Amino acid sequence: MNRFKHILIGFLLILFLVVTSLGTWIYSQIDSALPVLEGKRTLLGLSDTAIVERDSQGIVTIKAKKRNDVAVATGFIHAQERFFQMDLLRRNSAGELASLFGEKALPHDKEIRRHRFRERARAIVAQLPKKDLALLKAYTRGVNQGINNLSSPPFEYLLLQQAPVSWQEEDTILTVLSMYMDLQYAAGDRERTLGNIKNTLGEDVFKFLNPKGSIWDAAIDGSQYPSSKMPTRAWPSASSEQDALAANTVQNLVKNIPEQKYQGEEFPGSNNWAVSGKISKTGSAIVANDMHLGIRVPNTWFRATFEYQSDNNKAIKVTGLTLPGTPNIIAGSNGNIAWGFTNSYGDWSDIIILDTNVDKSQYLTPAGYQDFTEHKHVIAVKGQDAQEIIVKETIWGPVIGVNNSQQLLAYRWVAHDVQAVNLHQTQLELATSVDEAFNIANQAGIPAQNLVVGDKAGNIGWTIMGPIPKKSSSFGETPTHWGDGINHWQGYLKADLYPKIKNPQNNRLWTANARVVGGKMLEKLGNGGYALGARAQQIREGLLAKEVFSEQNLLDIALDDRAIFLKRWQKFLIDKVLTPDAIISHPRWQAVKETLNTDNLCACTDSVAYRLVNNFRLNVRNDVFSLLNENLTHLDNGYSFHTIRHQVETPLWQMINEQPSNFLWLPEDNWQKVFERALSTTLTDMTQDQPLAKATWGQQNTSKIQHPLSNAIPFIGRWLDMLPIPLAGDSYMPRVQGKSFGASQRMVVSPGHEASGILHMPTSQSGHPWSPYYGLGHDDWVQGKPSPFLPGETKYTLTLLSY
């Protein structure tokens, strides 16, 4: 017995030592992956010493004599703080995630490989001007030395049991192409959806569900477009097969709506506005910008200040946001101009219906039938053998699938051309006026953005930054045939022909992903799915409400969570749904009516009324279009209601008010039953295990901001994430905020007055949970606190020496 005890004790002691040793090793590996904050490091590629200063939040100031030395230092710091994030961005667009994550990432990689982005990125690098290529090489040297100067790889690679792969010049291009994938349609989803509607339901229904304008339009040139009339014929005109499908599914549709049905209004984009020096307290222009993206740990952006000498020995100081993986300031201020972006939803791609021979081995071009080009791809898969796929391509772009008539479809997209990416945007760091910024923007290669810029002299301006395709005619809203040569792209618009607006009479500019201009300027841009315009309109009204502005006044607009968009839905719910007869049938609805009449309708964390009205609207929309969506999805899996959900607000509002009898796919006997069912569903969802009074908007809109790997780490993963916090804001107001989506930063700055500027962002600078500044600054973003634009007092200094 004693012998057994000794053996057991010995075994437990050995096990303890093994576990302790393993824990100590893991701890040391994670700890060794912390970035170097102080001391000296010698880097290859520097022409002279560079200084890296960090404040208490890790906000970086890089000081060097030459711009390329700044690039080396930036690459070094990006790699030390954010290499895993950079790695995900390049692998995302290259279709190489399966080598990190295994089979679950394989479908994504297969879909993305058809774009051949790595090959295209190499072609872009090969034709860069010498100066830009030198900058890119300097940044790349810095990245690889940054990762090599870590004692251990970033902790994510330890968890994935992988090793980091060196950075290449093409990977910076892939980082930008990953932003193309986030900000534009990588497979023409919206165009395919509109084509399905037009071909299946007819021209009148297509125009009704795809209105050119609405009451929410707030273009900065004042242009207006009408919505379309409701179809007079019975619609949709379903076949007997469709009728059978509708009959079988109508009772189950509501049950099958995903749990996330109340979080489906996210719209990648941004808010941006400016006031001229004539109405600013600084005398310079003031620019405000908050870019809306998915929010993870760490944040998309990395805050930095660059100080260096230009080629003509002029002192440059530029502060703002960098994108890890790229060497330049994306948005910010250089003392002479301040600039920011919102995503432009112009028409940057086209789906082509291919006319093929009988066996589909050839397709028709203006020069006759041609063979498809085939490209073989080998996809590495973690833990498995590599897989080979063949990508078919046409002279216009890759084959992306078939439509419901089994016709092959090809995709023409700006992102496939060498014009898609360049480093011209870096010149904004040197620009001194709105006019100079325009000239730079109109030659830059990034996903097309609404650039709003203001200068120290007080001027403000808007233009498009990024390539604009020049088309042979007005086409591209739905898939078209290109075989006869009538439809085609004629290269790209020249810089001097870009739409521009400078110094409008009212001294104010605003953009918010909606249509910005009309007329001839809109014809150049096209419509790729603009936002509804409610945000833009609310920003415009906020700008028109005051005569003189400070930075804080513009931040107040960014934090505006009033629910102006839902006011009419609130009134509809009170007047048309919560009728005396309805309340007699549903006595508990009296409390609903009282709440709607007394509670403040804003997307405030404590508002019950906002959650009621918002969720009621979504349930009405889901019900009204449920059968239409089910049937069109059944006919063609390329149909996606998600891509048109914003624009259907206008026809939906017309339908619920006119309550037409010629709409055949109403999922109830009459409209009133639709409304009452939507309200019942809303209340059931809100009052599970709680009274209505506790069902606040903040309870539903509680943040879920996570590290990509936190769910994969038992017990300790949650320490990587930001704490769940009820958040104010929503989609159709300036304060855009969802659980893990929203303002990825808020910036307000007047060039020449950066010391009084404002900048905050979610999560933190660091990607390492043991960093001394991990999570610092996040609370300022949550609370909307006007934290400083410029870095604070230096806490850490790192000296980078040249060989």
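**View 1. Lining of the second largest cavity in a predicted model.** The lining of the second largest cavity consists of six nonpolar, nine polar and four charged residues (Ala, Val, Leu, Ile, Met, Phe, Trp, Tyr, Cys and Pro count as nonpolar, Asp, Glu, Lys and Arg as charged, and the others, Gly among them, as polar). This cavity holds about 170 Å³ of space. A cavity is a set of points on a 1 Å grid over the protein atoms alone where a 1.4 Å probe fits but cannot get out, and lining residues have an atom within 4 Å of a point; a volume is the space filled by probe spheres set on the points, which are joined across faces, edges and corners. The model is predicted: local features need pLDDT of at least 70, side-chain atom pairs count only at pLDDT 80 or more, and totals for chains, interfaces and linings use all residues. Residues are numbered from 1 along each chain as its sequence is written, and side-chain values use heavy atoms, without hydrogens and water.

**View 2. The largest cavity.** About 340 Å³ of space lies in this cavity. Among its 23 lining residues, Met179, Trp301, Ile330, Ile446 and Pro447 lie nearest the centre. The lining has 13 nonpolar, 10 polar and no charged residues. Helix α8 gives the largest share, four residues (helices are DSSP runs of H or I, at least four residues, and strands runs of E, at least two, numbered from the N terminus).

**View 3. Strands β10 and β16.** Five bridges join β10 (residues 349-353) to β16 (residues 408-413), and the two run antiparallel (strands pair if DSSP finds at least two bridges between them). Ile352 stands opposite Ala410 in β16.

Technical notes
On a 1 Å grid over the protein atoms alone, a cavity is a set of points where a 1.4 Å probe fits but cannot get out, and a pocket is an open set with protein on both sides within 12 Å along at least five of seven lines; lining residues have an atom within 4 Å of a point.
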